[in-house]
Amino acid sequence: GLKVSRGYLAKLMQKAARAFSAPYAELIDLLPKQTHLNIDETGHKEKGVPYWTWCFRAKAFIAFKIDPSRGSEVLMDILGQDYSGTLGADFWGAYRKYARQCGVLIQFCLAHLVREVKYLCDFPEPSVQRYGQALLAELKGLFGALHRRAELSARAFARALAIAEAKIWEAALEPALHPRRYPHGKIHRLIENLALRFHHHGEGYFRFITSPEIQPTNNSVEQAMRFVVMDRHMTQGTRSQRGRDVCERIWTVIATCALQKRSAYDWMHQAICAHFNGQPIPSLLLDSS
């Protein structure tokens with residue numbers, strides 16, 4: 001017998017968002033203190049204006065931030081210029097700019113690199129195909145070594161990774177190492193661009209080798225964002241600052257509870273009851289974190 005309207009639901013959502021405000025702010029404030037973060041972003045529109053949902057995945061929690069910018073200023077605002085951890089990200093320019101300005105180390109996503117190299121393998125120019133196929137073969141060798149980790153001793157695993165890395169470098173820089181293979185010095189721009197990327201940023205693809213806590217891909221944060229992308233398609237994005245506040249807080253609750261393998265509904269119920277009764281709101285962090 002309860003009558004429900006969209007306006008009534010909107011008011012309830014706003015009350016819930018206020019209940020989640022302090023726990024959400026706690027996680028945002030903790031982001032600059034994390035030793036490693038995986039980050040990604042996805043876009044939506046608000047009344048025709050583009051907005052970006054940024055996802056920050058730490059070891060013990062996940063936080064979302066909606067911003068009109070996809071630039072490095074978002075990272076500067078949230079992480080600050082003194083961030084001393086490492087970032088896992090794709091090759092988007094905002095991450096490179098932030099790293100350059102603040103001296104931050106990045107592990108670039110190898111899965112994204114594989115997708116780019118596969119594009120070269122299907123390119124109609126034969127020289128581009130040969131370059132892509134050679135590089136893809138060595139990347140597969142690296143992932144093959146990663147998949148054999150449980151079978152190898154620590155020393156043998158380290159050696160396998162080192163050998164695979166050296167072969168990738170050789171394949172990526174092949175135009176510079178073997179210029180005679182390109183008659184008249186004609187190198188396709190796609191080959192040149194990727195070779196220059198490795199020349200300037202190649203080390204960023206292999207930081208996980210010397211730092212085991214770092215993941216070689218950005219898959220973990222992409223998986224954390226999957227339900228947000230589905231939500232965005234169903235709801236068609238946000239319509240106001242209040243809507244952005246609701247979404248980024250509820251998404252943070254859902255993703256963090258899923259990461260911690262606990263019920264998001266139970267936590268929301270506790271937080272809302274505490275808010276209405278003037279009691280302290282429970283943290284989103286587990287005691288062990």
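Let me begin with a convention: Ala, Val, Leu, Ile, Met, Phe, Trp, Tyr, Cys and Pro count as nonpolar, Asp, Glu, Lys and Arg as charged, and the others, Gly among them, as polar. The structure is a predicted model, in which local features need pLDDT of at least 70 and side-chain atom pairs count only at pLDDT 80 or more, while totals for chains, interfaces and linings use all residues. Residues are numbered from 1 along each chain as its sequence is written, and side-chain values use heavy atoms, with hydrogens and water left out.

I turn to the pockets. A pocket is an open set of points on a 1 Å grid over the protein atoms alone, with protein on both sides within 12 Å along at least five of seven lines, and lining residues have an atom within 4 Å of a point. Grid points are joined across faces, edges and corners, and a volume is the space filled by probe spheres set on the points. Helices (H or I, at least four residues) and strands (E, at least two) are DSSP runs, numbered from the N terminus.

The second largest pocket has a volume of about 280 Å³. Its lining includes Leu9, Phe20, Ile250, Tyr265 and Phe276. By class, that lining has ten nonpolar, one polar and one charged residues. Helix 1 gives the most to the lining of the second largest pocket, namely six residues.

The largest pocket holds about 660 Å³ of space. Of the 20 residues that line the largest pocket, Ala10, Met13, Arg239, Gly243 and Val246 are the closest to its centre. Helix 1, which spans residues 6-30, helix 10 and helix 11 each give two or more residues to this lining. The largest share, eight residues, comes from helix 1. Seven residues of the lining are nonpolar, seven polar and six charged.

What of enclosed space? A cavity is a set of grid points where a 1.4 Å probe fits but cannot get out. The structure holds one cavity of 30 Å³ or more, and about 30 Å³ of space lies in the largest cavity. His44, Arg232, Thr235, Gly237, Thr238, Cys247 and Trp251 line the largest cavity. By class, these are two nonpolar, four polar and one charged residues.

Next, the interior. Buried means under 20% relative accessible area, exposed over 50%, and partly exposed in between, with a 1.4 Å probe and protein chains only. A nonpolar core is a set of buried Ala, Val, Leu, Ile, Met, Phe, Trp, Tyr and Cys residues joined through side-chain atoms within 4.5 Å. The largest such core has 71 residues, and Phe20, Leu31, Ile39, Leu79, Leu87 and Leu135 have the most contacts inside it. Helix 5 supplies the largest share of this core, eight residues.

Contact means heavy atoms within 4.5 Å. Phenylalanine 20 touches, among others, Arg249, Ile250, Trp267 and Ile272, not counting residues up to four places away in sequence.

Helix 5 (residues 126-147) packs against helix 8 (residues 189-201) at an angle of about 30°, with axes 9 Å apart. Here axes are lines fitted to C-alpha atoms, for helices over the stretch in contact, and angles run from 0 to 180 degrees between N-to-C directions. Ser127, Val128, Tyr131 and Leu135 of helix 5 meet Leu190, Ile191, Leu194 and Ala195 of helix 8. That contact comprises seven nonpolar, one polar and no charged residues.

Finally, glycine 88 lies in strand 4 (residues 86-89) and is buried, at a relative accessible area of 2%.
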